[in-house]
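Please look over the sequence and the structure shown here, and then read the short report that follows.

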Amino acid sequence: MSLTLREMSLSEAGALAFKAARGAGMEWGLAEEARVSVTWVNSHGLPGLPALLSVLEAGLKPMQGTVNGPADVVCLSVLHAGAALSDHGRIPAEGLHLPAVVGSLLMVPFVAHLSGVYSIEWRTHDASAQVTVRGGSEPCLWCAGSPATHGAARLSIMPLVDAPAGAPIARSTRAFVHIDHLKRLEAFAAATYAPATEASRARGAGGAD
Amino acid sequence: MVKRAAPPLADTLSGLRPPSKVMRLERMGCFHASPLSFMRQLTARAVRDDWQFFMADWQVDAQGVGHAVLRAQTGARTYSLVAFFHDLPDELRSDRVIATAWDATFTLFDGVPDEADLTRLAANVPVQEAGRISETELTLSRANRSVRLWEKVVSALANGQQPDTAELGEVGYLMRTTAVYGSGKFGAADYETISTRAEVAAPFQAEMLTVYLIRWAVTELVQHMARARAAAQGTQAAALDPDIARGLGIGNSTGLGMAPFLMTHPKLIHAWVSARESALALVRAQQTPDPEAWALVLTLAQIMSAKVATWRTDHPRQQERDAGFSDDLARIITRLEAGGTTWDTLIDWAETALTLEGQEWLVSAILEPYAAHLDAIAAEMSVPTEAHRIDGQMTVGALKALIALHYSWATEIDWDAAEAQARVWYTSAEKLEPRLGERAEEPVEEYEQPLAPGRDIAKLHAILSAWPEDAPVAEFALANPALRHALRRVQIIAAHPFGEIQDNTIAAHMMPIDLLRAKLSFFGAQRFDPRSDRWVRICMFAGAPLPPDLSAQSECRWPYWQAPWEGA
């Protein structure tokens, strides 16, 4: 994998997330969630695009049976579960525990949408990460350990009484992604582009000379 | 930037023309620039805050190849237009997005570029989309010379003469931009990073400043080349007559690339349109118009009448509209000369007596006398973000009521009819150019972009009918992920009703140029000249003083300044 990093604007990274999610087969509304979630994560200096790539490469499965909440759709993707969580607008007092979540980092923005303070922890067989988020109109984020875990993780969201005492993560105005990850995301995005043809060029576009 | 809390919707809409009237494509395709337009906001602020402009660097050879740096000092900050001028063979000159070479390329640098910056920009800006810019750049742009005018102007000036004003009037510009990218495109700084700066917080101010400085650079370039030619041929070059220079704008070719923006930014479009409608309501609420204001609008109508007489277009629909507008202006002048009424009565009269062109021009024109009082409204034209979390606690019944309130126009369309879904918005792999295809004739449906909100919300409406009224929307969204974007849209429009075009954007006879015109009018564009149903040429900053000449007096209502070819 290339170690070269591409610096992007946040909107550029968000637009790529939107197209890649759609290109991977997500519904438009979920692709919108991908854009918002990736942009939010990037704006806190965390690697949103690689997290999305792991989600898309894990594949999207069709929804089956009756669904009642985030736990029933987490098999589809973390974005489906996050959207359901955000829509329902609350986390039970006993917390929410989701098995086998890929791209757990992308859950954080959905929790940040809720008012209150929450711990979000995800654990794989060999790594774990924990963030604390204080939600609301001006969310703050505290991070312990590397949030970029690989593979499916067990994810737990627990209400907390207080936020940590230290300074929250500083905001970032840029996104950074390995060129290799970028190319793989662009390959997903490319599925949303119609092949270039002379007929399309002649009749489909505006502008001439 | 700290935004004022939005007032309750009922108050917001009180006294405004309803979205069902304003947000129709045919009317939007007749919008005119106003004091709230972004070019006007830029020049007004530049005067108010005493911006200074400098030609900081000019390294251009006799053939017009090289680079230049033009600086705008706004007080707290400096912005630098870095311009690269190229020797472009005629056969490569194309206004299409898919072009790969241009006569000139530009970027707006945030600050003062050093040598390393200029070296980096020289490697990236001339190749436009194929290069990368950084957070110190705010825009990326390019322009092509007018083939009809450029050589004639250089030649005339080199021979010590002024160019033919009739020919200048036919075109209106020496160069036309074919794209002005901002807001994070190709690595540039995001709007959010500059949104707290007062001088560029209004919409598209970095882009407008770019174009304003490009116009100055182009004026300098054409005279530079004339001087070089004169030196080579042993003649004495003339300087471009200041009135001619002021009358020339920067052209722009706008195709479908701009159209999706109006559908994908509902909160922003609401902010723009509701600002204009709020300003209109403010003026209409005056019981007795100030006689000076009345006289000013009469003068503006007379000037506009002279200007319209010089407009040329080959597009039959626009020819008809321009002819109607010309007649409208004659009626407006007669009506204003008669006096004795209120702005409110005048607007009511316009709705029965004038074409849409005349109606919408009058809306913009009666704002002119009150331009200085519109700052608070103008400040509401930016929005911090388009992101919107779905309110899952809303009931299905409430959602259905919102659809009934805001989307009856969509649910009344027979979406099974072929003409209702005749078109497909898609993105081509070719430089990611947005295109509009024919659903029945081209294999592009699988690439369709979500740019038909009316259709998608009609579908949402149909499926909602099977759900209990008291079910929370969260449950519906969970079971219907394919309609999530439509559901979100309804909730957005409920709070931003001017954010939705109340017409079918994929109909067989939809005219994309109406979309373009609506957006361009908010930019402050003039001289709309559709070249087909899908792209339009316009002029920007024509009549505006060049940066070194900018003053309170010269800036005042510059769109109504008359060039020598406009009956001045």
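## Overall form of chain B

The radius of gyration is taken over C-alpha atoms, and the globule rule is 2.2 Å times the number of residues to the power 0.38. For the 568 residues of chain B, this rule puts a compact globule near 24 Å, and chain B agrees because its own value is 24 Å. The C-alpha trace of chain B spans about 85 × 60 × 50 Å along its principal axes.

This is a predicted model, in which local features need pLDDT of at least 70 and side-chain atom pairs count only at pLDDT 80 or more, whereas totals for chains, interfaces and linings use all residues. Residues are numbered from 1 along each chain as its sequence is written, while chains are lettered from A and ligands numbered from 1 in the order in which they are written.

## The largest nonpolar core

A nonpolar core is a set of buried Ala, Val, Leu, Ile, Met, Phe, Trp, Tyr and Cys residues joined through C-beta atoms within 7 Å; a residue is buried if 20 or more other C-beta atoms, placed from the backbone, lie within 10 Å of its own. In the largest such core, which has 144 residues, B:Ala83 and B:Ala217 touch the most other members. Domain 1 (49–255) and domain 2 (396–499) of chain B both contribute residues, so this core lies between them; the domain bounds come from an automatic or database domain assignment.

## Another core

Apart from that core lies another, of 84 residues, and its members include A:Ala34, A:Tyr118, A:Ala189 and B:Ala477.

Definitions and conventions:
A residue is buried if 20 or more other C-beta atoms lie within 10 Å of its own, exposed if 12 or fewer, and partly exposed in between; C-beta atoms are placed from the backbone.
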